[in-house]
Amino acid sequence: PGAIYFVTAVTKDRFPYFEKDENSLILMNDINFCQTIKNFHLFGYKINPDHIHLLIQTSSFEDSISNILHNIKRTSSLHIGKGGIWQKSFHDRVVR
């Protein structure tokens, strides 16, 4: 808790879901919604056609990076309507 993480999540088979503006908008809304229900600070994010980067600071053990990313990925998959659009894992680095 309290650490700042640089996180990357990649779409399944690197499919470019976010080339479509409407899918990018859905993802943006889902990231912002997740921030309201989870306890973390979002410094910023970058949406690319087949992956996203986020800069996140956690505030509690309950709202870990894994928990936060699970929520963002699950919610955006449901809203985009394509089933599982994300690879199962993600990459994170602690910013020092």
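**View 1. F15 is partly exposed, with a relative accessible area of 46%.** On this scale, buried means under 20% relative accessible area, exposed means over 50%, and partly exposed lies in between, using a 1.4 Å probe and protein chains only. This is a predicted model: local features need pLDDT of at least 70 and side-chain atom pairs count only at pLDDT 80 or more, while totals for chains, interfaces and linings use all residues. Residues are numbered from 1 along each chain as its sequence is written, and side-chain values use heavy atoms, with hydrogens and water left out. Two aromatic pairs occur in the structure. Rings of Phe, Tyr and Trp (its six-membered ring) pair if their centres lie within 6.5 Å; planes under 30 degrees apart count as stacked, over 60 as edge-to-face and the rest as tilted. Y17 counts as buried, at 13% relative accessibility.

**View 2. F18 and W86 form a tilted aromatic pair.** Their ring centres are 5.5 Å apart, with 35 degrees between the planes. F18 sits in the loop between β1 and α1 and W86 in the loop between α2 and β4, so this pair ties together parts that are 68 residues apart in sequence. The helices (H or I, at least four residues) and strands (E, at least two) are DSSP runs, numbered from the N terminus. Are F18 and W86 buried or exposed? Both are buried.

View 3. I85 is buried, with a relative accessible area of 0%. Which residues does I85 touch, not counting those up to four places away in sequence? They are T11, K12, Y17, F18, S76, S77 and I80, where contact means heavy atoms within 4.5 Å. From C-alpha to C-alpha, I85 is 17 Å from L54, and the two are 31 residues apart in sequence. G84 also has its place in the loop between α2 and β4. G84 touches K12 and S77, again leaving out residues up to four places away in sequence. Along the chain, G84 and T11 are 73 residues apart, yet 8.8 Å separates their C-alpha atoms.

**View 4. Four strands make an open sheet in the order β2-β3-β1-β4, with antiparallel pairing.** β2 and β4 (91–95) stand at the edges, each with a single partner strand, so one side of each has no neighbour in the sheet. From one strand to the next, the twist averages 20 degrees. Angles run from 0 to 180 degrees between N-to-C directions, and axes are lines fitted to C-alpha atoms, for helices over the stretch in contact. On this sheet, α1 lies across β2 and β3 and runs at about 170 degrees to β2. α2 packs on the sheet as well, touching β1, β2 and β3, and its direction makes about 140 degrees with that of β3.

**View 5. β3 pairs with β1 and with β2.** Two strands pair if DSSP finds at least two bridges between them. β1 and β3 run antiparallel and are joined by seven bridges. Along β3, T8 has H53 as its bridge partner, and Y5 has I56. Seven bridges also hold β2 and β3 in the antiparallel sense. On that side, I56 is the bridge partner of L42, while I52 is the bridge partner of I47. How many residues does the hairpin from β2 to β3 pass through? It joins the two strands through three.

**View 6. The largest nonpolar core has 21 residues.** A nonpolar core is a set of buried Ala, Val, Leu, Ile, Met, Phe, Trp, Tyr and Cys residues joined through side-chain atoms within 4.5 Å. The residues with the most contacts inside this core are F18, L27, L54, I56 and L69. At least two core residues come from each of β1 (4–10), α1 (21–37), β2 (40–47), β3 (51–58) and α2 (65–80). With five residues, α2 gives the most. Leaving aside neighbours within four places in sequence, L69 is in contact with V7, A9, L54, I56 and F90.
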